[in-house]
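Thank you all for coming. Please take a moment to look at the sequence and the model on the screen, and then I will walk through them with you.

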Amino acid sequence: MSKVPAILAPTEQDIQQLLAAQAHIGNQNMEIRMQPYVWKRRNDGIHLINIGKTWEKLVLAARIIAAIENPADVVVISARPYGQRAALKFAQYTGAQAIAGRFTPGTFTNYITKTFREPRLVIVTDPRTDHQAVEESSYVNVPVIALCDTDSPLRYIDVAIPTNNKSKHSIGLIYWLLAREVLRLRGSIARTAPWSVMVDMFFYRDPVEEAQKEADAAEAEVPAVTYGETNDWAADETAAPAEWGETAAQDGEWVATDGNNWGDSVANTNAW
């Protein structure tokens, strides 16, 4: 399926994960240079990506990243929101630098800017969205690795990893597999043992959905209050009739006093 050494061959679980994340689902449009990575076209016009080609390019990209002595010389860029969390997590576990969000023009070419960097390798999530970083990398002769869909332009791209770069699960899984392969080539983790980091850590999370989940969890933790379990309320209820009796007695005295004063007023009226 893929022309890689047996030690680097994908497992059945890796293939199942790529299919479950829909990494093989392309687009209706196809760039002519992406044709070698397309397996077939469905009846609805969607192009399907060859998973074997995806794994070959993923292993090639991992070998290039692992060959760089200083991990900080690798810059991973993602202007698309679906890939920002994956880029940050990839940088965290591999030691690379991450640029999540808007790419400041002149980051690779203008040394006066505060964000000026001199990388040896650039990784972009989408060649079309991150075109500014790809173009500046060509000015300073820095190789570029990109996650490319069937309609992605391949100009100034040195290594294209064919995959679905429009799905949050596909982007997160590719970065997770790439980080795992880099760590395995460096010897940081064993190839026979599974990686302790879950792939869910690389997936994009909607802030609105996360806030709603936290609110629901907070409401579930609040205990329900029943009237029979509140002792203070029962004590106040028992003491209330006594206080009401005292008030009634006082009201009775007030009525009697007013009655006497009213009789005196009537007598005075008759005398008048």
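What you see is a predicted model, in which local features need pLDDT of at least 70 and side-chain atom pairs count only at pLDDT 80 or more, while totals for chains, interfaces and linings use all residues. Residues are numbered from 1 along each chain as its sequence is written, and side-chain values use heavy atoms, with hydrogens and water left out.

With that word in hand, take Ser170, which lies in helix 5; helices (H or I, at least four residues) and strands (E, at least two) are DSSP runs, numbered from the N terminus. Leaving aside neighbours within four places in sequence, Ser170 is in contact with Ala21, Gln22, Ala23, Thr163 and Asn164. Is Ser170 buried or exposed? Buried means under 20% relative accessible area, exposed over 50%, and partly exposed in between, with a 1.4 Å probe and protein chains only, so Ser170, at 0%, is buried.

Now the overall layout. The protein has 7 helices and 7 strands, and along the sequence they follow the pattern α-β-β-α-β-α-β-β-α-β-β-α-α-α. Of its 272 residues, 39% count as buried.

Let us stay with helix 5. Two packed helices are described by the angle between their axes and the distance between the axes. Here axes are lines fitted to C-alpha atoms, for helices over the stretch in contact, and angles run from 0 to 180 degrees between N-to-C directions. Helix 1 (residues 12–20) and helix 5 (residues 168–186) pack at an angle of about 155°, and their axes are 10 Å apart. That makes helix 1 roughly antiparallel to helix 5, given that angles under 35 degrees count as roughly parallel, over 145 as roughly antiparallel, 65 to 115 as roughly perpendicular and the rest as oblique. Helix 1 contributes Asp14, Gln17 and Leu18 to the contact, and helix 5 contributes Leu173, Ile174, Trp176, Leu177 and Arg180.

Next comes the interior. A nonpolar core is a set of buried Ala, Val, Leu, Ile, Met, Phe, Trp, Tyr and Cys residues joined through side-chain atoms within 4.5 Å. The largest such core has 42 residues, and those with the most contacts inside it are Ile65, Phe90, Tyr175 and Phe202. Which element gives the most to this core? Helix 5 does, with 10 residues. Apart from this core lies another, of 18 residues, with Ile77, Phe108, Val124 and Val134 among them. Returning to Ile65, and not counting residues up to four places away in sequence, we find that Ile65 touches Val74, Phe90, Leu121, Ile123, Ile145, Leu178, Val182 and Arg186.

Two more residues deserve a look. Thr94 is found in helix 3 and, at 5% relative accessibility, counts as buried. The side chain of Thr94 reaches the backbone oxygen of Phe90 at 2.5 Å. Beyond four places in sequence, Thr94 touches Pro71, Ala179, Val182 and Arg186.

Val142, by contrast, sits in the loop between helix 4 (131–139) and strand 6, and Val142 counts as buried at 11% relative accessibility. Val142 and Glu118 are 24 residues apart in sequence and 9.0 Å apart in space, C-alpha to C-alpha.

Thank you, and I am happy to take questions.

Technical notes: Contact means heavy atoms within 4.5 Å. A polar contact is a pair of N or O atoms within 3.5 Å; within protein, one must be able to donate a hydrogen and the other to accept it, and residues adjacent in sequence count only if both atoms are side-chain atoms.
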